[in-house]
Amino acid sequence: MNKLILGRFFPGESILHQMDPRAKLLAGVYFILVLFVANNWQSYGLLWIFTLVVMYLSGVKFSVYIRGVRPLIWLILFTVTLQILFTSGGKIYLDVGPITVSNFGIISGIYIFCRFVMIIFISTVVTLTTKPIDLTDGINALLKPLKRLKIPVDEISLMLSISLRFIPNLLDETQKVMDAQRARGTEFGEGNLLRQMKTLVPIFLPLFASSLNRAEDMANGMETRGYQSGEKRSTFRQLAWKRKDTLCIGTMIILTFGLIVLRTGGFIH
Amino acid sequence: MTARVVEVSNLVFGYDKRDKEQTLTDINFSVNKGEWVAVIGHNGSGKSTLAKLLVGLLEMDDGSISIAGINLNDNTKWEVRRHIGLVFQNPENQFVGTTVQDDVAFGLENINMPYEEMNNRVEEALKMVDLSELRFHDPSRLSGGQKQRVALAGILALRPSVLVLDEALVMLDPGSRRELLLTLKQLNKSSDMTIISITHDMDEAAEADRILLLEAGRLVDSGKPSDVFSKHQQLEPPFSEALRRMLKRQKNTVPDTYMTEEELVNWLCKSHLKM
Amino acid sequence: MQITFKDVTADYQIGPLRTPRVLDSVDFNLEPGTFTAVIGHTGSGKSSLLKAMNGLLIPVKGEVHIGGTVINRSKNKKSLKTIRKKVGMVFQFPESQLFAETVEQDICFGPLNFGVPLEEAKRIARQVIQQVGLGPDILTKSPFALSGGQKRRVAIAGILAMQPEVLVLDEPGAGLDPRGKKEILSLISKWHNNEKLTTVMVTHDMEDVAHYADNVVVMEKGQAVLHKGVRELFADIHALKSLRVDIPQARKLQLKIEQETGVKLPQVCLTIDELANCLMKAGLV
């Protein structure tokens, strides 16, 4: 669990850390969409420059990003292989039944690989530079329009932020219960799968019981402090849209134009 | 005449509505503005149930509760909760915010207070509990005493006139307990905050203005600490009184009236001078 | 069983962060049969000290000796298991580790892990449940259906059932009302005396130290800054002030009385009985 980088926050002071979560989320999602505009090495090159600059601006070491890709590398390679094997066209290097390895296949394989890695890099940048709670605020703000469709956006985001706030507690508690059962002679990670599964019972049951207690306390606490679901609430956490955020959106627009210019065949086929 | 800020009359409550067993039976009492009342009694005497009833977390079977002049019922409970706050035993499970100030603001957000005013209130509440420097910290990473201060600030921000403490100090180490008690006493004195403290700590109860003694769901006594401890010898008395009783058993010259620490030390001084 | 810390240094690894020095060159020796209280402020390393006694925290430098077994950097699984069998550890709020369907199963969990046959484990369970002041009829109940105080007792019974020679406790009375706390602590103290255990208890409450312990280790920033007899510690008012250690009620009142009357009592009083006796001996009453 400690190896997972995607979804984690690294405290810092970089320009990206100071940006509004709404800007970062919008830019992140937009980047993923705009990726599909690229279709030649020039446009992919531009995307790479953009990605690398953004990664540099985050102030987080490149090795951290590489570690972020590692858990997903098999999934990526699998997809790339499929792409290579089942795309035909151009010069053919190998042809066995439905399987062909062709010029086109290899190139589109490389593009797919780049797309995957860039998506991971950019999403990692967003989560590494944004506190989870800011992320929730950002999502809440961006989903506000859905309220018209009677989707309880505020409730969902409060739920999300409370869950986030309990994660460290839950991890501490897991450690504590594991230590306690270890002190009673349990050895984790020993024996066959069935035995290992059995050692999980003494961890999960206590955690489950304490979570239920917590939930009840939490509900009582929230109610006495006047929380009523569905009522209009003000928010103490204020999001402030700054110049850098506008600048960020501007950069995204410039990036889009760059891609349109560089891609083969213009914007419309 | 001092205003009555809490009035409870003929209160009846049972958890299981099918049988006749009552957790609380015919409770009557009132609390004056600015008073500090300690509620004591064994586990299962109904103390915590009383606390939950006072803030409307449980619905009474019979009788009435009035807080700051508002009669508590299902329609008024949200209004009542602006006037009465409850501090629970374990603050950790109630933190909503990921920073101290976010958590303190939660109650204010709920009443849809504008940001500017909210900001002032949060600042004011944090100052009262002496936590201003820690406002950006994660509340779940603080020490036990600090956590309980955060919880307290979250309630003080709503400026209630009555504060109910449901064994709010029991999880704390003696040092933080004393400090928090001191803060609460200052609040009680300076802001005229009414405090109803449900407690097992007899030394704390001994310093209250009045003690309510619950036994098996009934209110058996209400009076000054010295009277309650003298009348109910089965209660574990505060340390100085326990010492006096122990000495009394050995020597007849020891007075037979309840003594605070101050009184005991004074008496020892006098008896020493006489010799 | 003798417990010796030889220049023990340890740190925790929590995710990518390594917290520096939870134990820093800790060096002391606890004689067999002693009851030691460990005191210190939040984050001073008290709980880490206990974990190091049970092989849950492995030193990066130095050695922990429990009887004849050694825990050091080159830990091996077998010595850890030996240690955990010898050292019974009661965590803070131990009731949160209960998991089994019945109280009996939960109490048997430890002994079974250490290879005690089922019948024997059940016999032990029946014995320890009474020793923690509960009836045998509770054995068939679900631990989740019990009251807070009962849960605590069952959890402690689960540790006692492992028949440890060393008992290590992290604030066993935390969160209980004064009466429940007193019951739990006198139960531990009785067990300590009857079974001739070596007991180490972390506490914040100086009343516990005064009533149950015979010596005290004071922790500060991961270091054991003081190791003394209880009476010696509470005699030295200046040391208590500089270490920011609280004073037990009896001792506090004694100091006040001595100051107001100008009479010095014949000994350092740790309990109410001692104070009453001394007041009479000194002729103040």
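Start with the cysteines: over all chains, the count of disulfides (a pair of cysteine sulfur atoms within 2.5 Å) comes to zero. Select Cys269(C), which is in no disulfide; the nearest cysteine sulfur belongs to Cys278(C), 3.5 Å away. Now colour by accessibility, where buried means under 20% relative accessible area, exposed over 50%, and partly exposed in between (1.4 Å probe, protein chains only). Cys269(C) counts as buried, at 0% relative accessibility, and Cys278(C) is buried too, with a relative accessible area of 1%.

Before you move on, a word on what you are viewing: this is a predicted model, in which local features need pLDDT of at least 70 and side-chain atom pairs count only at pLDDT 80 or more, while totals for chains, interfaces and linings use all residues. Residues are numbered from 1 along each chain as its sequence is written, chains are lettered from A and ligands numbered from 1 in the order in which they are written, and side-chain values use heavy atoms, with hydrogens and water left out.

**Next stop: chains A and B**

Show chain A and chain B together. Their contact (heavy atoms within 4.5 Å) takes 27 residues from chain A and 37 residues from chain B. The size of an interface is often given as the accessible area lost when the parts come together. Here the buried area (the accessible area, with a 1.4 Å probe, that two parts lose on being put together, summed over both) is about 3000 Å², and carbon and sulfur atoms give 53% of that.

Which residue of chain A forms a salt bridge with Arg81(B)? Pick Glu223(A): the closest N and O atoms of this pair are 3.0 Å apart. A salt bridge is a side-chain nitrogen of Lys or Arg within 4 Å of a carboxyl oxygen of Asp or Glu, and six are found across the interface of chain A and chain B. There are also 16 residue pairs in polar contact, both residues at pLDDT 80 or more. A polar contact is a pair of N or O atoms within 3.5 Å; within protein, one must be able to donate a hydrogen and the other to accept it, and residues adjacent in sequence count only if both atoms are side-chain atoms.

Turn to the side of chain A that touches chain B. Helix H7 (153-183) and helix H8 (193-224) of chain A each supply at least two residues of that side. Helices (H or I, at least four residues) are DSSP runs, numbered from the N terminus. H8(A) gives the largest share, eight residues.

**Last stop: chains C and A**

Bring chain C back. Its contact with chain A takes 25 residues from chain C and 19 residues from chain A, and the area buried between them is about 1900 Å², with 57% from carbon and sulfur atoms. Chain C and chain A have three salt bridges between them. Zoom in on Asp106(C) and Arg184(A), a salt-bridged pair whose closest N and O atoms are 3.1 Å apart. The interface of chain C and chain A also has seven residue pairs in polar contact, both at pLDDT 80 or more.

Helix H2 (77-86), helix H3 (103-113) and helix H5 (148-160) of chain C are the elements giving two or more residues to the side of chain C that touches chain A. H3(C) gives the most to that side, with four residues.
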